[in-house]
Amino acid sequence: MFAIDHAATALIIKKIYPDVPITEILVSVQLIEILWVVLNFLGIEKTTTENKVKSVSDVHLEYMPFSHSVVSTAFLATCAWILFTFGFKEVNVGIAVALGICSHLVLDLISHARDIVIAPFLDSRKFGLGLYEKPAVAFVVETIYGIFCWWVYGGNTALSG
């Protein structure tokens, strides 16, 4: 999913955990993406594009087993939960942040082509439902999802403007 819909997911988490600061939730839903950018910049993970990019389907996430794998996500979410729950004694923050981290991968499994692996260094089948292979459909689905998150949160026109 695009960044805006990961951020929209933060609204649902904030609704469930109103005492958790929105900043922590927003970082949590984008943390996997932040890692992906850093790992691409360092040359550890690899993204390519077609010569002419017409839509998101022309962007290929060739190799990203560290930022976007099931095991890496579970590990990162568990570490965040442990840090906030036991380190800072903030149980709700720990749960909300762990949910935010996991939500990123769940949404990406819906939108990505088959480019998400179970674990780094494991030569396994790749997963993804391929929503982005149909950019117009993806746009509609993501717009509906964003509006749904806004509605669940109890959004009003001040939030949308």
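## Elements and basis of the model

Helices (H or I, at least four residues) and strands (E, at least two) are DSSP runs, numbered from the N terminus. In this scheme, A96 is placed in helix 4.

The structure is a predicted model, in which local features need pLDDT of at least 70, side-chain atom pairs count only at pLDDT 80 or more, and totals for chains, interfaces and linings use all residues. Residues are numbered from 1 along each chain as its sequence is written, and side-chain values use heavy atoms, with hydrogens and water left out.

## Confidence

The pLDDT is the predictor's confidence in each residue, from 0 to 100. Its mean over the chain is 94, and 98% of the residues reach 70 or more. Among the elements of the chain, helix 3 (residues 70-87) has the highest mean pLDDT, at 98, whereas helix 6 (residues 157-160) has the lowest, at 65.

## Nonpolar cores

A nonpolar core is a set of buried Ala, Val, Leu, Ile, Met, Phe, Trp, Tyr and Cys residues joined through side-chain atoms within 4.5 Å. Buried denotes under 20% relative accessible area, exposed over 50%, and partly exposed the range in between (1.4 Å probe, protein chains only). In soluble globular proteins, nonpolar side chains tend to be buried together.

The largest nonpolar core comprises 20 residues, and those with the most contacts inside it are I13, V20, I25, A96, V97 and I101. Two or more residues of this core come from each of helix 1 (3-16), helix 2, helix 3 and helix 4. Helix 4 contributes the most, with six residues. A second, separate core has nine residues, including A8, L131, Y145 and C149.

A96 counts as buried because its relative accessibility is 0%. Contact means heavy atoms within 4.5 Å. When residues up to four places away in sequence are not counted, A96 touches I13, Y17, V20, I25 and S28. Among these partners, I13, V20 and I25 also belong, like A96 itself, to the residues with the most contacts inside the largest core.

## The largest pocket

On a 1 Å grid over the protein atoms alone, a pocket is an open set of points with protein on both sides within 12 Å along at least five of seven lines, where a 1.4 Å probe fits; a cavity is a set from which the probe cannot get out, and lining residues have an atom within 4 Å of a point. Grid points are joined across faces, edges and corners, and a volume is the space filled by probe spheres set on the points. The largest pocket has a volume of about 400 Å³. Of the 20 residues that line the largest pocket, V56, V59, L61, H112 and Y132 are the closest to its centre.

At least two lining residues are supplied by each of helix 2 (22-41), strand 2 (59-63) and helix 4 (91-111). By class, the lining holds nine nonpolar, seven polar and four charged residues. For this count, Ala, Val, Leu, Ile, Met, Phe, Trp, Tyr, Cys and Pro are nonpolar, Asp, Glu, Lys and Arg are charged, and the others, Gly among them, are polar.

H112 lies in the loop between helix 4 and helix 5 (135-153). This residue counts as buried because its relative accessibility is 8%. Apart from neighbours within four places in sequence, H112 is in contact with M1, L61, M64, H68, G128, L129, G130 and L131. The C-alpha atoms of H112 and S67, 45 residues apart in sequence, are 14 Å apart in space.

H60 is found in strand 2. With a relative accessible area of 26%, H60 is partly exposed. Its contacts, leaving aside neighbours within four places in sequence, are K46, T47, T48, T49 and E50. The C-alpha atoms of H60 and H112, 52 residues apart along the chain, are separated by 9.4 Å.

K89 is in the loop between helix 3 and helix 4 and counts as exposed at 62% relative accessibility. F121 is in the loop between helix 4 and helix 5 and is exposed, with a relative accessible area of 75%.

A3 is placed in helix 1 and is partly exposed, with a relative accessible area of 45%. The C-alpha atoms of A3 and H104 are separated by 9.5 Å, although the two residues are 101 residues apart along the chain.
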